[in-house]
Structure formats: structure tokens, C-alpha cells
Amino acid sequence: MKSWWRKAPAAANDERLVAEAGGADRALRRLEWTVIRRLDGLLQGDYRTLMRGTGLDLADLREYQHNDDVRHIDWNVTARLQTPHVRVFTEDREMSAWFVLDLSRSVDFGSGQRAKREISAGFVGVLARLLTRHGNRVGALVYGTDLEAVIPPRSGRRHVLHLLHAMERRADRFEAAPTQKGMTRLADLLKSAGMLMPRRSTVFVVSDFLSEPGWERPLGQLVQRHEVIAVRLFDPLELDLPDLGLVPLRDAETGEQLWVDTHDAGFRKRFARLAAEREATLRASLARAGVDALELSTSDDLVEAIVRFADMRKRRTRIGISGVKAVAA
């Protein structure tokens, strides 16, 4: 497993870094011009709705709500009022965010102009740049066939380049080895995240969640300590097959291939039914874990998706504030 646990390069080495991460630098520049500039106007300074900080200063108390952190329950007030209440803390100005990146073979899939891997890189580049330029720190865990890199939280544009370059190199290694052994073990990645993140942070789990079973429990354990947001990548063709006649389908992770007749209406209906069941199961698992979810399609506009997610987070924050006012009244 590789890591960036070394001193950040001095300013004199910036030119060398850009040369090494040329593709990442071009991608980040493109995102800054086409996405981040649009978000600056749309979010209007509300970038903090994308992640909430933690603090030590007690601000108020409010009644416990579903998905609240049980560690914030004030047991003395709960015993006195006979209703569970939680402490509300003043947020820190500087926050740490981690990207838990599933870059297994299945994220290379894309039926249109973009693959899930490109959507993942775009989301990470935009969020990391938005957060680091306001003084917050971002880090990442990179998973391919196993945990391959740990990038500790730092701030600054140069650090975002390190992160994007690590994702780019992972893609290059997959081109050299077109298949992987076995399915993705998302549970292993989430367990590693729990062990490697020493302080409470906002954690973005960026994955298509096509994995061996068993990831739900380590995700729930991660939620107990951190604020976790699931960024679920998908392609429309994974949900509904069009009538394309006889086509080959290959499992991106195992390499297994078979021919299917998509002209068969019965087959397409069974495929759509199984895909819908998988979708329902995934959403239910994330809801049980108390995880906010942002669904990113390869056909989505990244700006609209992030603004939609920020609006959802803002509504959640307003609900929390309303709860505080009700207790105070």
C-alpha cells in the first residue's frame, strides 16, 4: 500500500509536480473553468452545506431525532425530561474531509461519453477544490483491487493535484491489467477507513456499490464516529436494457462474458425488475445506516447534481435549527 505520508513539496517543485500530473492538472483546470465557476454563483457562499464541522463548544440542546449521533445524547437532561435530548455544538471553522474511493474495475463502465470513473474524478476534484481553497483539509483512501494508497488530509491546490493524480495512476494500472481477481470487497475498504481516520471527519464514500455482500455493517460502524455521505455512481444502462439484439455482456470485475438476446422482451423485463430490486435494497441499506446519499449518473450534469445535494443538506440543517428553537422555546 502506497501513501503520501511525506512532506509536501516546496513551491520550487511546483513545475515538476505539474509535469508529473499533467493529465490531472489539465482536468482540474477544466473543472475550475466549467464547473467551479458556475457553482460559485449558484451556491453563493454556501459551500459549507456540503459538509458540517464539529466542535467542543456547547451551543444548545434539542430533542433527539432519527439518525442523530447517540454519543451526543445528554443523559442528565434525558433523565430529567423523560425524553431523549442531544447536545448541539458550535462548528469548527476548519474541517477535515476524506474521500473513500472505490476505483475497482466496474467503475470503468459507461454507456455514453463518460464512464463512472470520470464522474468520480470530477466530483472529487470539484469538492476537494471547493473545500481546500477555504482552508479545509481533504484526504483520500484509494481502492483498486485492495487499499492501494492513503493520502492524508492537507489543503491547497497542489494537494488536490496529488489526489487526482493518484486516481489517474490507478486508471493507468487497470489499462495494463484489464481484469481483476474476484469482486470488489467494499467492506475491507470501509474497515480500513475506520482504522485510518483518527479524528471525526466528513467522509465521502464514492462507489458504485457493486461489491461482495457485508459492507453494510462496517459502513454503520463508520457512521458512529464520522459524518458519512454516500456518493453512488451508476450508468442508466445498468438499470434498463434497450432492444439492441444479440450483444455480449462482460463482468468488468471477474472478466466473465456471456451473450444475451436483448430483443427478448421477457429478458429485458426480468433485468429491469432485478435492477429495481437491487436499487431498493441499496437505498434501504444506506437509509438504515443513517447515510445521506448523492446519486451520480454518467448522464448527469455535475453542477446540477452538487447544487441539488447542497439544497438537500441545507434543508436538513434547517430542520436541526428548528428543533433547537423548539427546545429553547
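Which residues is Phe99 in contact with, leaving aside its neighbours within four places in sequence? With contact taken as heavy atoms within 4.5 Å, Phe99 touches Phe123, Val124, Leu127, Ala128, Val138, Gly139, Ala140, Leu141, Leu163, Phe204 and Val206. The model is predicted, with local features needing pLDDT of at least 70 and side-chain atom pairs counting only at pLDDT 80 or more, while totals for chains, interfaces and linings use all residues. Residues are numbered from 1 along each chain as its sequence is written, and side-chain values use heavy atoms, leaving out hydrogens and water.

Phe99 is found in strand S4 (residues 96-102), where helices (H or I, at least four residues) and strands (E, at least two) are DSSP runs numbered from the N terminus. Because its relative accessible area is 0%, Phe99 is buried, a term that means under 20% relative accessible area, with exposed over 50% and partly exposed in between (1.4 Å probe, protein chains only).

The structure holds three aromatic pairs, for which rings of Phe, Tyr and Trp (its six-membered ring) must have centres within 6.5 Å, planes under 30 degrees apart counting as stacked, over 60 as edge-to-face and the rest as tilted. Two of these pairs are set out below.

| Pair | Centre to centre | Between the planes | Class |
|---|---|---|---|
| Phe99 and Phe204 | 5.3 Å | 20° | stacked |
| Phe209 and Trp215 | 5.2 Å | 55° | tilted |

Phe99, Phe123 and Phe204 form one aromatic cluster. Phe209 and Trp215 are both buried.

A nonpolar core is a set of buried Ala, Val, Leu, Ile, Met, Phe, Trp, Tyr and Cys residues joined through side-chain atoms within 4.5 Å. The largest such core has 43 residues, of which Phe99, Leu101, Phe123, Val126, Leu163, Phe204 and Leu296 touch the most other members. Helix H4 (residues 116-132) gives the most to this core, with eight residues. Beyond its neighbours within four places in sequence, Val126 is in contact with Leu31, Val35, Ile36, Leu39, Leu302 and Ile306. A second, separate core of 25 residues includes Tyr143, Val223, Ala230 and Leu282.

Arg232 has its place in strand S8 (residues 227-234) and counts as buried because its relative accessibility is 6%. Not counting residues up to four places away in sequence, Arg232 touches Ser207, Asp208, Phe209, Glu279, Leu282, Leu294, Glu295 and Leu296.
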